[in-house]
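Colleague: I am new to reading protein models. Could you take me through one, feature by feature?

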Amino acid sequence: MDLLEYIELVINDYTLRTITLGTAILGAVTGMLGSFAVLRKQSLLGDAISHAALPGIALAFLLTGAKESNTLLLGALISGLIGTFWIRGIITKTHLKSDTALGLILSLFFGFGILLLTFIQKQPNANQAGLDKYLFGQAATLVESDVWLMAIVTGLCLIVLLLFWKEFKILLFDKDYANTLGFNTKTIDILITSFIVLAIVLGLQTVGVVLMSAMLLAPAAAARQWTNSLSMMVFLAALFGAFSGVFGTAISATQNNLSTGPVIVIVASVFVIFSFIFSPNRGLLFRQIRFIKNRRDLELHKTLSFMFNIAKTHENISHPHTIKILNNFQGYTKGTLKKLVDKNYVTLNGNMWSLTQEGFETASNLYNQQLKKDE
Amino acid sequence: MSKKTAVQIDDLTVAYNYKPVLWDIDLEIPEGVLMAIVGPNGAGKSTLIKSVLGILKPIAGSVSIYGKSYEKQRSLVAYVPQKGSVDWDFPTTALDVVMMGTYGSLGWVKRPRQKEKKAALEALEQVGMLPFKNRQISQLSGGQQQRIFLARALVQDASIYFMDEPFQGVDATTEIAIINILKALRKANKTVIVVHHDLQTVPEYFDWVTFLNVKKIATGPVKDIFNDDNLTKTYGINYKVSIQK
């Protein structure tokens, strides 16, 4: 199937269209909010919240007997929020570090959730099947109303982000200072955490409890690599998240119906790996290239200054010297000499070299230039 | 004392767990002084500042700024936290950090505009960091980061400045640049309160000093009370510094 055919299919096929839209919107909103979680060093918060939502789903089913997704998600929302505020409580009231608190709540709630799920499975009730789809997600069960709900929450989230942008930024960067300026940081904190919980709960049906945190982290981690501006990072994270959703859905739909959630997560991880390696400033590849280039430049400069020190002992700076004396110098190679000739700093004549006027001036200014660069 | 009182602290007691970090502090800081708070590690110096600023909740006691509660006088007070208290890899620029100093007067929701940007640029100029305004903050040196924090407080255009170890880990050039700004603030009749570690420079930099070690040991003009007796009481050892008076 080629690309055009696929796009046509997305437009015409109700299920595929719904899933594509749903996963794209979900990716965008989790990417946006994930940036905040990552910058607050609360990367695992998403994981804890999604796991904490599981008992809520099971309890909602037990209480109502319904399998209607909105009811179950409401249960997930409530237990997700309870989990989150317990985590906050543990961190502020005890001396435990946040990773310990997150781990505790995650396993406690998840264990309780699994317990309830197995209990439900043993019930003589034909309606129970399918609750375990929330473990790994099942995008195929998305319907139009689910997508609408996601769109509304995303819209709300955008409005709140735009309104309180400066408050969010200062909370993320320097909470104590924000306090002294008169901002109620607790309110801002609760606002942002509530949106994170909401976004995660919305994603449970599609991606599932276990993989949901990747939707929060991967786009944000990838976006961080490309920019040094918070707004750009949030925008890119939303973009990467949305594309992960669209590509993931496409791959899973065309390849023998692979499970959508995991494919989306893998696509998002590919974004991360690509960004880690190829982003221009922070990426490994260009960092390594810059590192090697710097070393070469330094070697070149060292050789030039070595030659400069020899040349300046003569009155005529262009007095020729034998290449042999350069062998005493460690950084010297034939390559560096050739480069110096290319730059017109040095001229060669047989096995003799001499500095040009340009080379002499460059060498005498070398150290000063570096001082300027360091400033 | 004919001067107005800028900060008045009464019976302030702060505890983290069971042990008090600050015990029954009474302190009057007159307007227009450049004051050092000195004391050993764990003496509660940062805690004192944070309690005055409402970041920490005291167990007992009250603080007033020019006779009214801190909450009402917030706009008169600026804060320079310890440099190490934030993540400098945060995706933002020097100018952007300094702009944060204007957020308080803007209040909720309102965005900084041209006027705020101009103020931030002026503050950057004041601390000699204007050429670095668009620099990503992780690419600034420690001294430069400290100057950015100072500029952020200057933008607030406050009357009282609280600074938590502004000289920590900065080079000599930055130290001189910072102290000159502090002295200029004092000249403008601002009150500057600095948590300070280097006892040798106290007489040179400051005109007022508070000795603190959980309790307040002494407070007053440097020339009257910065002596071996108070240093010994504060640091617990027989401290001898040669002080040029």
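Predicted model: local features only at pLDDT ≥ 70, side-chain atom pairs only at ≥ 80, totals over all residues.

Colleague: Let me begin with the folds. How many helices and strands does chain B have?

Modeller: Chain B has 10 helices and 10 strands. Its radius of gyration is 18 Å, and the globule rule gives 18 Å for 245 residues, so chain B is as compact as a globular protein of that length.

Colleague: What box do the C-alpha atoms of chain B fill?

Modeller: Take the principal axes as your guide. Along them, the box is roughly 50 × 40 × 40 Å.

Colleague: And chain A? How many helices and strands does chain A have?

Modeller: Chain A has 16 helices and 3 strands. Now try the radius of gyration again. A compact globule of 375 residues would have one near 21 Å, but the value for chain A is 30 Å. The C-alpha trace of chain A spans about 100 × 60 × 35 Å along its principal axes.

Colleague: How do I read contacts along the sequence?

Modeller: Ask how many places separate the two partners. Take the contacts in chain B with a separation of 6 or more: residues 24 or more positions apart account for 66% of them. For chain A, among contacts between residues at least 6 apart in sequence, 69% join residues at least 24 apart.

Colleague: Now the interface. How is its size given?

Modeller: Often as the accessible area lost when the parts come together. Here, the area buried between chain A and chain B is about 2800 Å², and carbon and sulfur atoms give 61% of that. Three residues, A:Lys166, A:Phe173 and A:Tyr177, supply 28% of the area that chain A buries against chain B, more than any other three residues.

Colleague: How many residues of each chain are in contact across the interface?

Modeller: 30 residues of chain A are in contact with 35 residues of chain B.

Colleague: On to backbone angles. Which residues should I look at?

Modeller: Look for a positive phi in a residue that is not glycine. B:Tyr66 is one case, with phi near 45°. B:Tyr66 sits in the loop between strand 4 (60-65) and strand 5 (68-69) of chain B. B:Asn189 is another case, with a positive phi of about 65°. Its place is the loop between helix 7 (172-187) and strand 8 (191-195) of chain B.

Colleague: Where is A:Pro280, and what is it in contact with?

Modeller: A:Pro280 lies in the loop between helix 13 (260-278) and helix 14 (284-311) of chain A. Set aside its neighbours within four places in sequence. A:Pro280 is then in contact with A:Trp226, A:Phe286 and A:Arg290. A:Pro280 and A:Trp226 are 54 residues apart in sequence, yet their C-alpha atoms are 7.1 Å apart in space.

Colleague: And how far apart in space are A:Ala250 and A:Leu81?

Modeller: Their C-alpha atoms are 33 Å apart, and 169 residues separate them in sequence. A:Ala250 belongs to helix 12 (residues 230-254) of chain A. At 16% relative accessibility, A:Ala250 counts as buried.

Note on methods
Residues numbered from 1 in each chain as written. Chains lettered and ligands numbered in written order. Heavy atoms only, no water. Helix = DSSP H or I, 4+ residues; strand = E, 2+ residues; numbered from the N terminus. Rg over C-alpha atoms; globule rule 2.2 N^0.38 Å. Contact = heavy atoms within 4.5 Å. Buried area = accessible area lost by both parts, 1.4 Å probe. Buried < 20%, exposed > 50% of the residue type's maximum accessible area, 1.4 Å probe, protein only.
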